[in-house]
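Visitor: Could you take me on a close look at a single part of this protein? I am new to structures, so please go step by step.

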Amino acid sequence: KGVALKTMSGEQQAAGLALVQASLSAEGYDKAERIRQLEQILFEREGRAIRDSQLYFFMIFGDPSDSGTWAWRYEGHHISQSWTVINGRLSASTPQFFGTNPAHVREGSHAGERVLAAEDHFARSLLGSLSGDHLRSAVIADEAPRDILTSSERQAAMQEDLGVAYSELNAEQQATLWSLIEEYAAVQPEPIARERLEKVRATGLGSIKF
């Protein structure tokens, strides 16, 4: 839903992408743009019109101002970013979602491209270091789900408190998990990322589950 890049004039597209760029860190904007460009690879593979790097949508809620309450969203295949402003102050920068398909481009002019390589590295490194009860706690199914486990339903899909807790990991494993958390925070501008991480630390890391 919303206004697609595809329907905008060149000036409007530039303004829309400038809004995205202003709302993410340089790293976050780079990831968003590289994910968007993967649509061309999918189009070449599948020939489906829905695979289009211009089918990314902007939605504005309320009237944008530096003192009011409003929100906006940027969304398309494997990108869903939301920001909420209350009384002129950023209140929330979530839901935040980055995904990739293909996760690893293995042929063609973009061979070697892995947009979410760091997230993949930290998660797989941590998983590879687990054994015994910790591994059994972390792996919640023998086979990966067909799609995103939590889907896009309004009702939260994960009701059970599953996973291995930060407090159960050794120091090296804890550092890897924290690096993974930092990677997700780093897509936001530095002050927002720092505030997010400070809130996590203040709440306590012990009960965070992987």
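Predicted model: local features only at pLDDT ≥ 70, side-chain atom pairs only at ≥ 80, totals over all residues.

Guide: Happy to! In α1, the buried residues include Gly16, Leu17, Val20 and Ser23. They sit on the same side of the helix, because the arc they cover around the axis is only 120 degrees. On the other side of α1 you will find Gly10, Glu11 and Ala22, which are exposed.

What do the buried residues of α1 pack against? Their partners are helix α2 (26–46) and the strands β2 (57–61), β3 (70–76) and β4 (79–86).

Now for the helix as a whole. Helix α1 runs over residues 10–23, which makes 14 residues. From its first C-alpha to its last it reaches 20 Å, close to the 20 Å expected at 1.5 Å a residue.

The loop between β3 and β4 holds His78. Its phi is near 70 degrees, a positive value in a residue other than glycine. Is His78 buried or exposed? His78 counts as buried because its relative accessibility is 19%, and the cut-off for buried is under 20%.

With a relative accessible area of 60%, Asn87 is exposed.

Conventions:
Residues numbered from 1 in each chain as written. Heavy atoms only, no water. Helix = DSSP H or I, 4+ residues; strand = E, 2+ residues; numbered from the N terminus. Expected span 1.5 Å × (residues − 1). Buried < 20%, exposed > 50% of the residue type's maximum accessible area, 1.4 Å probe, protein only. Arc of directions from axis to C-beta. Contact = heavy atoms within 4.5 Å.
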